[in-house]
Amino acid sequence: MKQIAYNKYALYEYFVIEKLEAGIVLEGAEVKALRAGNCNLKDSFCLLRNGELTLKNMHIPVYDKAGAFSSKDSKRDRRLLLHRSELDRLAGKINEKGYTIVPLQLYFSGSLIKVEIALCKGKQNYDKKRTIAERDQKRALDRELKNYK
């Protein structure tokens, strides 16, 4: 499994409740751009409409060696592929207040490109401050353990 992009910002903004693996519908030039490692997941999110899950705001830059028939919109909506039962279960959970679906990472699984999505609940400001404090404490502890050896 080779990782293409990772969304660190999502773990700061949300509590991850459940993770799922989904396929993604891409064009040929987009796949070539992803093989080069060009992708940004920072502001992306998923939307469930008409029984389909759509990934919005994921930036894949235009592949420079692509022909005239390639897509020129780098932030177009991309369809995610999940089983019907998974979509129905997610639809039930999203209708609850405060839940959303966010992509965590994009990676190669063999020759296929997969997206790891997560059902998330938004953090409050005090939760974010607590996360930063815990991260700082862990960093200080690791630094002390490194100097102790």
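Leu106 touches Gln3, Ile4, Ala5, Leu34, Cys39, Leu41, Met58, Ile113, Lys114 and Val115, leaving aside residues up to four places away in sequence, where contact means heavy atoms within 4.5 Å. The model is predicted, so local features need pLDDT of at least 70 and side-chain atom pairs count only at pLDDT 80 or more, while totals for chains, interfaces and linings use all residues. Residues are numbered from 1 along each chain as its sequence is written, and side-chain values use heavy atoms, with hydrogens and water left out.

**Nonpolar cores**

- Leu106 is, together with Cys39, Leu80 and Ile117, among the residues that touch the most other members of the largest nonpolar core, which has 26 residues; such a core is a set of buried Ala, Val, Leu, Ile, Met, Phe, Trp, Tyr and Cys residues joined through side-chain atoms within 4.5 Å.
- At least two residues of this core are supplied by each of β1, β2 (14-24), α2, β4 (52-56), α3 (84-94), β6 and β7, and the largest share, four residues, comes from β7.
- A second, separate core has five residues, including Ala10, Val102, Leu104 and Ala118.

- Strand β6 (residues 99-109) is largely enclosed by the rest of the structure, because eight of its 11 residues are buried; buried means under 20% relative accessible area, exposed means over 50%, and partly exposed lies in between (1.4 Å probe, protein chains only).
- The names of these elements follow DSSP runs, with helices (H or I) of at least four residues and strands (E) of at least two, numbered from the N terminus.
- Strand β1 (residues 2-6) runs antiparallel to β6 and is joined to it by four bridges, and two strands count as paired if DSSP finds at least two bridges between them.
- Strand β7 (residues 112-122) is also antiparallel to β6, with 10 bridges joining them.
- Phe108 in β6 stands opposite Lys2, and the bridge partner of Phe108 in β7 is Ile113.
- β6 and β7 form a hairpin with two residues between them, and Gly110 in the turn has a positive phi of about 70 degrees.

- Ile101, which has its place in strand β6, is buried with a relative accessible area of 1%, and the residues it touches include Phe45, Cys46, Leu53 and Leu90.
- Phe45, found in strand β3, is partly exposed with a relative accessible area of 31%.
- Phe45 and Pro103 are 58 residues apart in sequence, yet their C-alpha atoms are 6.3 Å apart in space, and Pro103 is one of the residues that Phe45 touches.
- Ser44 is in the loop between α2 (28-35) and β3 (45-49), and Ser44 is buried with a relative accessible area of 5%.
- A polar atom of the Ser44 side chain lies 2.7 Å from the backbone oxygen of Leu41.
- The residues touched by Ser44 include Leu55, Lys56, Val102 and Pro103.

**Aromatic rings and charges**

- The charged end of Lys42 sits over the ring of Tyr9, 5.2 Å from its centre, a charge being counted as over a ring if NZ of Lys or CZ of Arg is within 6 Å of the ring centre and within 35 degrees of the ring normal.
- Lys121 lies over the face of Tyr99, at 4.8 Å from the ring centre.

Definitions and conventions:
A polar contact is a pair of N or O atoms within 3.5 Å; within protein, one must be able to donate a hydrogen and the other to accept it, and residues adjacent in sequence count only if both atoms are side-chain atoms.
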